[in-house]
Amino acid sequence: EGGMTLARTYAYDPQLRAQYGTKYVRQLGPAKRKVLEFIRAEIAAGRRFPSVREIATAMAWKTDAGASDCLYALAATGHIRLVSAERGRRQWEVVQ
């Protein structure tokens, strides 16, 4: 849990990202890599960025929390970016 809090803080804090870059963030593990591939496949097929629930379902996870944590970790490593977070709805985009 502590790692995900750090990942979330890192993803939101441009000063931390500017100071440390991504060199202190671990490489993507197999689950995060699979999620990123799924997201890219959805976008390449002309669909929108998948929701947390769609990601959890595609990965056969029982809860949405793992998908949410995975999105924040992908943002911390610079693979995706949080575009907006209004009214409890978050919009993400893939960084090319």
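A residue counts as exposed when its relative accessible area is over 50%, as buried when that area is under 20%, and as partly exposed in between. With those words in hand, here are close-up views of a predicted model.

**View 1. Arg 53 and Asp 64 meet in a salt bridge.** The side chains come together with N and O 3.3 Å apart. Arg 53 belongs to helix α4 (residues 52–58), while Asp 64 sits in the loop between α4 and α5, so this pair links distant parts of the chain, 11 residues apart. Arg 53 has a relative accessible area of 57%, which is over 50%, and therefore Arg 53 is exposed.

**View 2. Helices α3 and α5 pack against each other.** Two packed helices are described by the angle between their axes and the distance between the axes. Here, α3 (residues 30–44) and α5 (residues 65–76) pack at an angle of about 85°, and their axes are 10 Å apart. The two helices are therefore roughly perpendicular to each other. On the α3 side, the contact is made by Lys 32, Val 35, Leu 36 and Ile 39. Helix α5 brings Cys 70, Leu 71, Ala 73 and Leu 74. Of the residues in this contact, seven are nonpolar, none is polar and one is charged.

**View 3. Arg 81 and Glu 93 join two strands.** Look here for a salt bridge between the two side chains, with an N to O distance of 2.6 Å. Arg 81 lies in strand β1 (residues 80–86) and Glu 93 in strand β2 (residues 89–94), so the pair ties together parts that are 12 residues apart in sequence.

**View 4. Glu 42 pairs with Arg 47.** Side chains of opposite charge can pair when their charged atoms come close. In this salt bridge, the closest N and O atoms of Glu 42 and Arg 47 are 2.9 Å apart. Glu 42 has a relative accessibility of 16%, under the 20% limit, so Glu 42 counts as buried. Arg 47, with a relative accessible area of 46%, is partly exposed. The pair in this view is one of four salt bridges counted in the model.

Notes
Residues numbered from 1 in each chain as written. Predicted model: local features only at pLDDT ≥ 70, side-chain atom pairs only at ≥ 80, totals over all residues. Heavy atoms only, no water. Axes fitted to C-alpha atoms, helices over the stretch in contact; angles between N-to-C directions. Helix = DSSP H or I, 4+ residues; strand = E, 2+ residues; numbered from the N terminus. Parallel < 35°, antiparallel > 145°, perpendicular 65-115°, else oblique. Contact = heavy atoms within 4.5 Å. Nonpolar A, V, L, I, M, F, W, Y, C, P; charged D, E, K, R; others polar. Buried < 20%, exposed > 50% of the residue type's maximum accessible area, 1.4 Å probe, protein only.
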